[in-house]
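Dear colleague,

Please find below the structure I promised to hand over. My notes on it follow.

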Amino acid sequence: MTAIHLENLGKTFGSFTALKNMNLEIADGEFVALLGPSGCGKSTTMNMIAGMIDPSEGAIRFGDRDMRGVPMSRRGVGFVFQNYAIFTHMTVYENLAYGLRATGVAKAQRDRRVHDMAEFLHLTPLLKKPSAGLSVNILQRLAIGRSAIMEPAIFLLDEPLSNVDAAFRAVMRTELKHLQREFRQTMVYVTHDQLEAMTMADRIAVMDHGKLLQVGTPIDVYNNPSSVFVAGFLGSPGMNLVKGRSVEAGGFIRVDLGEAGMSTPLPAHLSASVPEGASVFYGFRPEHCELTDGEGLRLPVTFVERIGARTIVHMGSDGSAVKCVFDNRVPVRNGEVVSLAIDPSNVRVFDAETGAAIGGAN
Amino acid sequence: MTADILEAKAEPVEHEDTRDSRRLGFSLTLPAQLLILFIAVFPILMQIYISLTDWSPLDGISWWQAHQLWNGFANYTDLVADDRFWSALWRTVLVMAICVPAEFLLGLGLAILFVDNFPGRGFLYSVLLVPMMVVPAVAGYMFFMLFQSGGPVNDILSFFYGAPVTIAWLSDPDLAFFAVIASDIWQWTPLMFLILLAGMVGVPEDQLRAATLLGASWTTRFRTIVLPRMKTIIIIALAIRVIENFKVFDNFYIMTGGGPGVATETISIYIYKVTQQELIWGYVAAVALVILISLSVVSAFAIKRMSQSREAG
Amino acid sequence: MNRSMPFEIFRYAAILSLVALSLIPTLWMVSMAFKPIAEWSATGAELTWWPNSPTLDNFRFLFGESSSDLIVALDRTAGQPILSSLLSAVFGTIIAMMAGTSAAYGLSRFGSGGNLPLALIQLRIFPPMAVMIPVMIMWAFLGLIDTWYGLALVYGIVTMPFAFWLMKTFFDDMPREIEDAALVEGCSRLRVFWKITLPMMRPALASSALFVFILNWSDYLIALLLTTRDWVTIPVYMASLSSSMTGQLYGAKAALGLIAAIPPVVLGIAIQKHLVRGLTFGALKQ
């Protein structure tokens with residue numbers, strides 16, 4: 001059980017920079033998700049932690065140990081591959097026993113540990129079976145068990161649920177989380193699915209284009225995104241970002257949203273941080289809107305998606321395209337012009353040029 | 001990249017089964033069937049007939065009149081007592097027992113060296129394949145020239161030995177045997193290399209990485225993952241080489257003509273010589289039939305076992 | 001895979017020494033082909049790896065210009081054997097490809113000819129020598145001895161298994177949707193095969209044909225048995241160049257060997273991607 005320290009980690013492949021300035025501290029026993037779209041550098045980071053790739057710059061430490069030069073086979077790292085990489089020419093038993101055999105553990109002890117692990121993962125009846133052709137659910141447990149039996153300090157999982165049916169994913173997420181709690185491993189989990197990250201991680205590290213954008217608890221990253229990218233990436237649908245201009249009105253800053261009209265005055269802490277006349281993005285989450293008869297953002301409804309329990313209403317266009325989520329009884333019709341009221345405490349403002357959030361947390 | 005043979009599941013192919021398609025399918029396969037008939041069925045029937053006679057083309061009668069020289073199973077009993085035949089057969093097996101493992105080990109070693117990417121890999125790979133593509137008869141002549149008493153092999157040996165070496169390789173029974181084996185290993189190691197490399201490259205990299213992360217050393221990985229997953233390919237490679245090596249003729253014949261004496265006479269050379277020199281074709285037919293039947297039985301047996309283990313595994 | 005420096009050095013050392021071993025015999029023959037007669041039988045200190053005075057005399061000799069150094073002239077030039085090899089190999093390839101491709105398509109698409117795979121494998125297992133007597137008799141009877149077409153026919157039959165297996169795997173790999181689409185539009189199955197499938201298979205056909213050609217060109221034993229004078233192929237001619245009269249014509253034979261060896265090597269390198277498929281009867285693809 002070890003903490004992981006990534007210090008100024010970077011990697012270039014030829015002229016392509018896959019990762020730069022990655023600084024991250026992962027506490028002992030913590031479950032951290034590396035979240036981001038394809039090519040953001042999350043897999044590269046993890047492969048460097050595992051020792052599959054050497055960093056171009058920076059350092060990786062497990063606790064006090066500098067891992068530079070330490071080969072893959074000696075890092076004490078558990079790794080679950082996206083396709084599980086089960087040794088399909090071996091039985092379940094042989095898969096579980098592989099690491100113990102490879103490191104010279106005596107047969108009696110090996111046998112005991114394999115049976116214990118199989119018991120724990122409910123794999124006991126399958127021990128003698130060939131591992132080829134087993135269901136994905138079993139393979140996931142086998143993959144984890146195979147690594148966990150070596151009692152690694154650190155567990156790395158590379159998008160293990162991406163090959164799984166959507167129906168099963170929820171079940172397997174819970175199982176994974178349960179296993180992590182049981183083993184109390186330090187876990188690093190790579191995914192592009194923000195829902196997975198939100199439900200499983202203690203902390204999320206959001207990455208894009210080789211850069212670490214924000215680290216924080218799921219709620220933290222969700223409620224207080226540090227950039228336009230993070231705001232849009234988390235949540236389904238992501239945060240609405242309407243382009244506007246800040247204006248001063250009666251001691252407070254409001255945002256002029258063009259055709260949508262003028263926003264309500266920004267709360268005090270934002271008002272203080274947003275300069276006047278700045279080009280900004282006015283952000284609010286789809287679930288934080290309310291239809292009102294009174295004053296608010298006026299937007300024409302362009303499309304109504306009724307998907308069972310929820311209804312997603314698409315409004316506006318171009319710079320002021322907005323989606324709002326309501327329950328399924330909302331009486332909206334295509335073409336109507338509605339008025340949206342948004343609680344100021346739910347508003348976030350971003351600099352239109354840099355994409356960075358303006359103003360501190362609430 | 002080759003798909004890993006163990007993961008490839010054969011999906012049952014549904015064939016169209018209408019009268020039209022059956023007719024078309026029949027006529028499409030007809031030429032091939034006829035050719036086989038021509039080269040396999042008729043010859044075998046002919047051979048059965050001739051093998052029961054004492055016929056030779058020198059007798060002046062056409063082959064279908066060979067019944068005049070009927071001698072029953074005399075040829076077959078002669079065969080059992082024919083020392084030259086059995087020693088040729090034994091020699092062929094000996095050649096196989098030396099060449100095939102040597103080619104396999106060298107080919108495997110090369111495959112191991114070539115499995116990673118490294119600068120020049122593609123070019124060196126093509127160069128190493130060249131021996132396999134040389135016309136075998138020409139390869140035989142190359143090695144004939146190499147092993148001349150005044151030739152390059154002795155030249156190189158002289159260099160290392162410090163004094164002139166003038167071994168008459170092809171005149172000494174044991175040395176000639178060695179020389180022809182060398183020519184076979186030279187020519188066919190690339191084939192083993194080609195097949196084994198294709199198989200080795202198909203071993204899933206993720207599994208190798210997983211094994212490494214679990215603490216396995218290179219030799220452990222090779223033993224527990226690479227070789228087991230190459231099992232089918234290894235069997236195919238060995239089977240192909242064993243079959244071709246058994247039939248060997250061209251380079252051996254050109255290098256030594258089967259000699260000195262019969263020191264390098266393999267079964268094919270033996271049959272050739274008896275056919276062309278002694279011209280007792282009735283006898284040769286018996287020999288040929290015995291070989292064909294034995295091979296048919298052995299191969300049918302082997303193929304059956306292989307398809308059985310395929311279905312089970 | 002991270003590999004250490006010592007291993008890299010070992011790798012290159014091992015590979016380069018094996019490369020040297022695999023090139024030496026060939027290079028020696030190339031060298032001999034360009035050596036003048038005086039250097040043919042050099043031994044000991046005079047033995048050179050590269051000709052002291054490279055010459056094209058050997059090649060000229062082969063094609064009819066008798067050199068003043070050589071006591072004897074050939075009874076023919078090398079032109080005829082080259083022609084024979086070419087004709088028999090090319091037409092043998094045509095026969096093999098035609099029979100093999102149709103049968104492969106029949107098996108792949110319709111499941112007909114189910115006995116063919118086993119029969120063709122057995123065909124490859126038989127030593128040629130074991131079936132040659134009947135073939136020689138039959139061919140003598142049909143007047144096909146010492147003709148290029150008689151030879152081509154045998155070549156075609158003997159290499160048909162390769163054409164069959166290669167094309168079968170290629171057909172199996174090809175998705176049937178395209179053919180099915182044409183069928184739905186009313187094309188007859190034969191038309192589909194001719195106008196749609198085959199054109200799509202051009203690269204596969206080319207590689208298979210070249211593979212089969214290499215095999216036919218490389219034959220020695222069959223030509224040895226079925227040709228006598230007029231239509232001997234290059235390998236047979238090459239082997240016959242020495243006799244008690246002329247002694248060992250090292251240089252000339254080497255030159256001839258070079259001529260014989262170059263086409264298959266060049267073609268082989270060109271289709272090396274498909275060699276694995278052809279040599280393992282389609283069990284493996286690359």
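**A buried serine in chain B**

Ser299(B) has a relative accessible area of 8% and is therefore buried, since the cut-off for that class is under 20%. The residue belongs to helix 13 of chain B, which spans residues 281-312. Apart from neighbours within four places in sequence, Ser299(B) makes contact with Gln122(C) and Ile125(C). Please bear in mind that this is a predicted model.

**A covered helix**

Helix 5 of chain B, residues 136-146, is mostly covered, with eleven of its eleven residues buried. Among them are Pro136(B), Gly140(B), Tyr141(B), Phe143(B), Phe144(B) and Leu146(B). The cover over these buried residues includes helix 6 (152-161), helix 7 (173-201) and helix 11 (250-256) of chain B. Chain C contributes to it as well, through helix 1 (5-33), helix 12 (234-240) and helix 13 (250-270).

**A nonpolar patch on the surface**

Phe26(B), Leu30(B), Leu34(B), Leu37(B), Val41(B), Phe42(B), Leu45(B) and Ile48(B) together form a nonpolar surface patch of about 700 Å². Phe26(B) sits in helix 1 of chain B, residues 19-51. With a relative accessible area of 53%, Phe26(B) counts as exposed, because the limit for that class is over 50%.

Yours sincerely

Terms used:
Residues numbered from 1 in each chain as written. Chains lettered and ligands numbered in written order. Predicted model: local features only at pLDDT ≥ 70, side-chain atom pairs only at ≥ 80, totals over all residues. Heavy atoms only, no water. Patch = residues over 30% accessible without salt bridge, like charges linked within 9 Å, V, L, I, M, F, W, Y side chains within 5 Å. Areas by Shrake-Rupley, 256 points an atom, 1.4 Å probe, with all protein chains shown as cover. Salt bridge = Lys/Arg side-chain N within 4 Å of Asp/Glu carboxyl O. Helix = DSSP H or I, 4+ residues; strand = E, 2+ residues; numbered from the N terminus. Buried < 20%, exposed > 50% of the residue type's maximum accessible area, 1.4 Å probe, protein only. Contact = heavy atoms within 4.5 Å.
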